[in-house]
Amino acid sequence: MSDVEELVALPGTVRARTPEETWAHVAGHLPEFGITRVADLTGLDCIGLPVFTAIRPASLTLSASQGKGATPLLAKLSAVMEAIELWHVEQPLPIVVYGLAAEVAPDCPLAALPQTVPYPDQALARMRWEWTAGTAVVSREKVLLPVDLVRRRAQRPAWAPDVWRATSTGLACGNTRDEALLHALFEVAERDVLYRDGQCGGQERTLIEPGTVEDPYGREVVGRLEAAGMSLEIALVDGPYELPVCLAYLWSEDYPVVFAGGGCHSSPEIALTRAVTEAAQSRLAAIAGTRDDLPSDPGSFDAHPFRPAPASGLAPWPQATARFAPVGGTFTDQARAMACRIAHVTGHEPVALDLSATDGLVHAVQVICPGTHSRIRRSMPR
């Protein structure tokens, strides 16, 4: 299957194929990825935004994957693609070599990779790891990386030092490799910006007046939340990538827990609706209670009293986003430009690990971006 360069604009996202084409392509192959059930969770909440879950009982990571979207089909695809991402990252990666970084990958920026705890350079230099090969996104050069940046603890050999923190940041699935790659890079930028914002106590946020959102789908999402009696807070978060990154918080009296969501995209409207719908999805995931990593104690959730920001201090959405210029080009063009932005900020070129064959049903990648960060805690402090 060759990569498709056509961009299909959809409410809340941009893809390489229509939802109907994508579903027809993958629906008959769900058992191959361990998916035994796809369920509609929408009716468990009063909001009405479509949320689905895909179940993989034999999963080595999470057995329940949630997905949201503007329509039930988009939400179903979102959940299925999330599950397929995890299936791919659970498969063994090819081991190219085993040895010291100084011997097999002297240019690998070990200190800039995510670690479980900070290790001195001298300690890292004395450790041996299994290495796999990735591809630098811009230069296309072969790059060796420690396999444990992707391999979960449960899959590691008993003797492996627990140095690298494997997360789902930069893990994405798509109709084409470059579609998946672009969405992975957006996620890396989003989580790095929100990490930086958290480190400075939220000082990079501009609070937005929800009623000023002009995008039709954005207005629909905000309207559904207001009709359901939700308190909504939206923020545009400044970062070094010069891209719109949004953060959203939901709270209601019927379930007095603060739920958060984040989003990044070259389109401010897509970044906004991703953040808001992710917050709604998190709320529904807690209501359904099927996600493996949810705390069983309700007191573990962020249940602080929700005090909305004064309306007089909120910025209009059109003015807050006016500085972001429209971005054109194919998925290939945009992924390359996004990788260049990240490399300019961090000083390190992003590296893509291809988790699926080029002729596979879907394309899965995990992007490793040395010098970027993501939060360790599940919650996003408000």
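Helices (H or I, at least four residues) and strands (E, at least two) are DSSP runs, numbered from the N terminus. This is a predicted model, in which local features need pLDDT of at least 70 and side-chain atom pairs count only at pLDDT 80 or more, while totals for chains, interfaces and linings use all residues. Residues are numbered from 1 along each chain as its sequence is written, and side-chain values use heavy atoms, leaving out hydrogens and water.

Let's start with R56, which sits in the loop between strand 4 (51-55) and strand 5 (64-68). R56 has a relative accessible area of 3%, so it is buried (buried means under 20% relative accessible area, exposed over 50%, partly exposed in between, with a 1.4 Å probe and protein chains only). Its side chain makes a polar contact of 2.9 Å with the side chain of E90 (a pair of N or O atoms within 3.5 Å; within protein, one must be able to donate a hydrogen and the other to accept it, and residues adjacent in sequence count only if both atoms are side-chain atoms).

Now find L74 in helix 2 (residues 72-90). L74 is buried too, at 13% relative accessibility. Beyond its neighbours within four places in sequence, L74 is in contact (heavy atoms within 4.5 Å) with L10, P11, P19, K68 and G69.

P19 takes us to helix 1 (residues 19-26), where P19, T22 and V26 are buried.
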